[in-house]
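Student: Could you walk me through a structure I have never seen before? I would like to ask things as we go.

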Amino acid sequence: MDSVPSPEPATAPAAEPRPGQVRYLPATGQTLMKLIITGPFGVGKTTLIRTLSEIPTLHTEEVMTRSSVGHDDLKGLPEKATTTVAVDFGRLTVPGDLVLYLFGTPGQERFFPLWQDIARGALGALVMADTRRLADSFPVMDMVEEEGLPYAVAVNRFPGAPAHSDDTLRKHLDLAPQTPLVQCDARNRRDSIGTLIALAEHVLTRLPEDD
Amino acid sequence: MTAGRPGTSGAAAAPKGGPPGGRGRRLIPAYLATGGRERPRGTAGFDRLTLLVATDQQPPELDFGPEHRRLWTLLRPGALTVVECAAHLGLPVSATVFLAADLVGGGHLLARSPVPKAEEIDRTLIERLLVGLRALP
């Protein structure tokens, strides 16, 4: 997590990006698509995005208004009209002129309006989970289901975390039989690509057959 | 963000937050000037993945604020999405959309949405994606 929001965003320097630092896109000919990488805090969303992204991970400061902070459960966060949260994202160009944008959206319920806003138009979501606290991913799965987004679950194997079989994990996560589950190391590129393939295969099964 | 400093660019005599439009000179950044508007004009079609490209027409200093010119300058070398512009400029996405809409309105930027609409997400597209993902190094 390198994207802790600045406590005083209003005073953050607006440094100009240096030439060469910005990776531009071709102006035409590509199809851009959005995938949501979500899950509880610290589950490895940013790690997975960094592993896959062809650009250094970027973030935006997203402003949330009072209506969405009413049930804030962060201890010590003073009541205020707005709060900002950093949303990390990365970019992955896939052969065939497709460009995937991977948005790491916070999984806490209090961020649901922001989550919905970012998820609009997404192909699907990858819900990440940690074997040491699987239940933390439940609210996220609820949000994704409420939004009607196809999703796959990626269990990030942290070093030293207990290993479990897919069957055990599926049972504890209460997954529907058709929901894909992949175990991965979010630092590993092949593993991380594998999670996207599992998600894309699942998205395909939800689309009507061509006639 | 340096954007939150209305009135520091030669607009000393102007009343803070004066009505947008009307006169030629913009006194405060566009997205601050939209305060009274439910929905800023011209931003409806934008989202995070709208692709922005600069035209050769530099936004004139008299009509546009420094944030508009920063956005146009960022886009001079090539195309970027709204969300990448927001991240590089350190601006909220919503503010970046306001700036982009103003610049598109003035002919200084082109915007296009290379994002498939819901009805265009079909098996062919996802199959292409799968082939591409499997071919990644």
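**Two chains, step by step**

Student: Let's start with chain B: how much of it counts as buried?

Tutor: Of the 137 residues of chain B, 41% count as buried, where buried means that 20 or more other C-beta atoms lie within 10 Å of the residue's own, exposed means 12 or fewer, and partly exposed is in between, with C-beta atoms placed from the backbone. Please keep in mind that this is a predicted model, in which local features need pLDDT of at least 70 and side-chain atom pairs count only at pLDDT 80 or more, while totals for chains, interfaces and linings use all residues. Residues are numbered from 1 along each chain as its sequence is written, and chains are lettered from A and ligands numbered from 1 in the order in which they are written.

Student: And which elements does chain B have, in what order?

Tutor: Chain B has five helices and three strands, and from the N terminus they run α-β-α-β-α-α-β-α. Helices (H or I, at least four residues) and strands (E, at least two) are DSSP runs, numbered from the N terminus.

Student: How do the three strands pair?

Tutor: They form an open sheet in chain B in the order 2-1-3, with antiparallel pairing; two strands pair if DSSP finds at least two bridges between them. Strand 2 and strand 3 (109-112) of chain B stand at the edges with a single partner strand each, so one side of each has no neighbour in the sheet. Strand 1 and strand 3 of chain B are joined by four bridges, and B:Ala54 has B:Leu109 in strand 3 of chain B as its bridge partner. Helix 2 (residues 66-75) of chain B packs on this sheet, touching strand 1, strand 2 and strand 3 of chain B, and its direction makes about 90° with that of strand 1 of chain B. Such angles run from 0 to 180 degrees between N-to-C directions, the axes being lines fitted to C-alpha atoms, for helices over the stretch in contact.

Student: Now the two chains together: how many residues does each give to the contact?

Tutor: Chain B gives 39 residues and chain A gives 38 residues, and two residues are in contact if their C-beta atoms, placed from the backbone, lie within 7 Å. On the side of chain B that touches chain A, the largest share, 11 residues, comes from helix 5 of chain B. That side of chain B divides into 25 nonpolar, seven polar and seven charged residues, counting Ala, Val, Leu, Ile, Met, Phe, Trp, Tyr, Cys and Pro as nonpolar, Asp, Glu, Lys and Arg as charged, and the others, Gly among them, as polar.

Student: Which residues have the most contacts inside the largest nonpolar core?

Tutor: They are A:Leu102, A:Leu126, A:Val127 and B:Ala100, in a core of 76 residues. Helix 4 (residues 93-105) of chain B gives the most to this core, with eight residues. A nonpolar core here is a set of buried Ala, Val, Leu, Ile, Met, Phe, Trp, Tyr and Cys residues joined through C-beta atoms within 7 Å. Leaving aside residues up to four places away in sequence, A:Leu126 touches several residues, including A:Leu35, A:Ile37 and A:Tyr151.

Student: Switching to chain A, what does its sheet look like?

Tutor: It is an open sheet of seven strands in chain A with the order 2-3-4-1-5-6-7 and mixed pairing, and the twist averages 30° from one strand to the next. Strand 1 and strand 5 of chain A run parallel, joined by four bridges, and A:Leu35 stands opposite A:Gly124 in strand 5 of chain A.

Student: What lies across it?

Tutor: Helix 1 of chain A lies across strand 1, strand 3, strand 4 and strand 5 of chain A, at about 30° to strand 3 of chain A. Helix 1 (residues 45-52) of chain A is mostly covered, since seven of its eight residues are buried.

Student: Which residues are buried in helix 3 of chain A?

Tutor: A:Val140, A:Met141, A:Met143 and A:Val144 are buried there. They cover an arc of only 160° around the axis, which puts them on the same side of helix 3 of chain A; the arc is that of the directions from the helix axis to the C-beta atoms. The face turned away from that buried side carries the exposed residues A:Asp142 and A:Glu146.

Student: And A:Ala135, buried or exposed?

Tutor: A:Ala135 is exposed, because it has 11 other C-beta atoms within 10 Å, and A:Ala135 is found in the loop between strand 5 (124-130) and helix 3 (138-147) of chain A.
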